[in-house]
Amino acid sequence: MRYRENKRTRDKVSEIGFGSAYIFEAGTSAAVETLRHAYEGGIMYNDSFFMEEV
């Protein structure tokens with residue numbers, strides 16, 4: 001995994017992010033397992049959007 005440095009905070013961030021807007025449709029355990037696998041693979045940015053049903 002390649003990383004870049006945030007120039008303002010100096011944090012190291014992975015070049016690849018993980019979009020997970022619908023991940024919990026797979027169920028909680030599958031979602032957690034998938035997120036854990038991504039993190040262990042070096043992905044440090046997780047972009048999530050959780051829509052509230054009206």
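Is arginine 10 buried or exposed? Arginine 10 is exposed, with a relative accessible area of 54%, where exposed means over 50%, buried under 20% and partly exposed in between, for a 1.4 Å probe and protein chains only.

The model is predicted, so that local features need pLDDT of at least 70 and side-chain atom pairs count only at pLDDT 80 or more, while totals for chains, interfaces and linings use all residues. Residues are numbered from 1 along each chain as its sequence is written, and side-chain values use heavy atoms, with hydrogens and water left out.

**Figure 1. Overall architecture of the protein.** The protein has one helix and four strands, arranged along the sequence in the pattern β-β-β-α-β; helices (H or I, at least four residues) and strands (E, at least two) are DSSP runs numbered from the N terminus. The radius of gyration of the protein is 13 Å, whereas a compact globule of 54 residues would be near 10 Å, the value being taken over C-alpha atoms and the globule rule being 2.2 Å times the number of residues to the power 0.38. Along its principal axes the C-alpha trace spans about 40 × 25 × 15 Å, and 13% of the 54 residues count as buried.

**Figure 2. Salt bridges around glutamate 15.** The structure holds three salt bridges, each defined as a side-chain nitrogen of Lys or Arg within 4 Å of a carboxyl oxygen of Asp or Glu. In one of them glutamate 15 pairs with arginine 2, the closest N and O atoms being 3.1 Å apart; because glutamate 15 lies in the loop between strand 2 and strand 3 and arginine 2 in the segment before strand 1 (3-5), the pair ties together parts that are 13 residues apart in sequence. Arginine 4 also forms a salt bridge with glutamate 15, again with closest N and O atoms 3.1 Å apart, and this pair links arginine 4 in strand 1 to the loop that holds glutamate 15, 11 residues apart. Glutamate 15 is partly exposed at 34% relative accessibility, while arginine 2 is exposed at 60% and arginine 4 is exposed at 56%.

**Figure 3. The pair of glutamate 5 and arginine 10.** Glutamate 5 forms a salt bridge with arginine 10, with closest N and O atoms 3.3 Å apart, and glutamate 5 counts as partly exposed at 48% relative accessibility. Salt bridges that share partners join Arg2, Arg4 and Glu15 into one network.

Figure 4. Methionine 44 sits in the loop between helix 1 and strand 4 (45-47) and is partly exposed at 43% relative accessibility. Leaving aside neighbours within four places in sequence, methionine 44 is in contact (heavy atoms within 4.5 Å) with Tyr3, Lys12, Val13 and Ser14. Isoleucine 16, in the loop between strand 2 (12-14) and strand 3 (17-19), is partly exposed with a relative accessible area of 48%.

**Figure 5. The loop between strand 3 and helix 1.** Serine 20 lies in this loop and is buried, with a relative accessible area of 4%; apart from residues up to four places away in sequence, serine 20 touches Asn46, Asp47 and Ser48. Tyrosine 22 belongs to the loop between strand 3 and helix 1 but is exposed at 58% relative accessibility, and its C-alpha atom is 7.9 Å from that of phenylalanine 49, 27 residues apart in sequence.
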